[in-house]
Amino acid sequence: MNFSHLKYSHYRAVSRTPIKSSPTLKSKGIPIEAVESRGWVKEPVSVMFKVYCLSVMTLVAATYTVVLRYTRTVSSTAMYFSTTAVCITEVIKLFLSLGMLTKETGSFGRLKASIVEHVFWSPKELLKLSVPSVVYAVQNNMAFVALSNLDAAVYQVTYQLKIPCTALCMVLMLNRSLSRLQWFSVFMLCLGVTLVQWKPAEATKVQVEQNPFLGFMAIAVAVLCSGFAGVYFEKVLKSSDTSLWVRNIQMYLSGIVVTLAGVYMTEGAQVVEKGFFYGYTPWVCFVVFLASVGGLYTSVVVKYTDNIMKGFSAAAAIVLSTVASVTLFGLQITATFACGAMLVCVSIYLYGLPKQDTTKLPRADTDKEARQKLITV
């Protein structure tokens, strides 16, 4: 499930009043000029509300992987076409984004004008957003391949490789820098994933043949796509004042075309013969629902939380997925899996710690020296 492109939605447009420079905004790599021009302000909320938001986000992330795994390996009904599920997800996201843009613009007339300006009269922008559309389409399809061959808990742990991939793309594409602690956490995460994959935990209740190597390769492709597409979309967002929901609409329009082409390129003959919705059950519909709504809900959640709390959420999702896998799929936990999962959880927490702001230290030293000189005189 792809949430990377919703990074900037955790800032609320409230006014055009200039905002003073903030270390927090700088540490997130958001230019203060962009903040002033768009009026992004962090909303203060209670701790209980943050806990509620993160609890729901954790449940969504864990439930998505477990239910998708169930529909691909345990469900006794006819197997559905995963490419059609990805396509339907894009359609639902498009309509949800249209609804959010309607709320943002305030009237149907403004909505129509915005769509005409940014969609029908902006072919270059549509072409620009088709790049992450293609990449996200590949990523979402790879998630189905991975969860058809790997347990949900193993997938949840291994998928955290998206963190170092995203970090590398930020360094190369956005000229960001990582602290020593973040680099250390990246290497720790890679070590943890290596331990998990060294001797993968096996599930005893799975009814289909699996290929763990194919599953791992699918995750590798997915995390590379996640890192590149997320950073690319962030760069597009920072390049103009265009609304996030307009950008989402541009991307989902391209995504529908790309995923629909993927359906007929990979499973076209079978879809024509059996139907687009062949094999769909309430559980499959639930997977599509979670994939569609989960990303948009995450955009609301990250508005109120920080990286540390999101790290706890990812770690909790790993734990929940592991418990569900043991119960539903008969997953047999190994020592290497337990150690690797623990290292991944710790590395996520360390990576999310805020960078130490050392910009004031030299100034403090200078003031101390000046006072010493005055005392001497």
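1. Let's start with a term: two residues are in contact when they have heavy atoms within 4.5 Å. Among contacts in the protein chain between residues at least 6 apart in sequence, 87% join residues at least 24 apart.

2. A word on the model: it is predicted, so local features need pLDDT of at least 70 and side-chain atom pairs count only at pLDDT 80 or more, while totals for chains, interfaces and linings use all residues. Residues are numbered from 1 along each chain as its sequence is written, and side-chain values use heavy atoms, leaving out hydrogens and water.

3. The protein chain has 16 helices and four strands (DSSP runs numbered from the N terminus: H or I of at least four residues for helices, E of at least two for strands). Of its 377 residues, 49% are buried, meaning under 20% relative accessible area with a 1.4 Å probe, protein chains only.

4. Now look for the largest nonpolar core, which has 56 residues. Such a core is a set of buried Ala, Val, Leu, Ile, Met, Phe, Trp, Tyr and Cys residues joined through side-chain atoms within 4.5 Å. Tyr64, Phe144, Tyr155, Val157, Ile348 and Tyr351 touch the most other members. Helix H15 (residues 335-352) gives the largest share, six residues. Apart from this core lies another, of 21 residues, including Tyr136 and Trp245.

5. What does isoleucine 348 contact, leaving aside its neighbours within four places in sequence? The partners are Gln160, Ile163, Leu189, Gly311, Ala314 and Ile318.

Definitions and conventions
Buried < 20%, exposed > 50% of the residue type's maximum accessible area, 1.4 Å probe, protein only.
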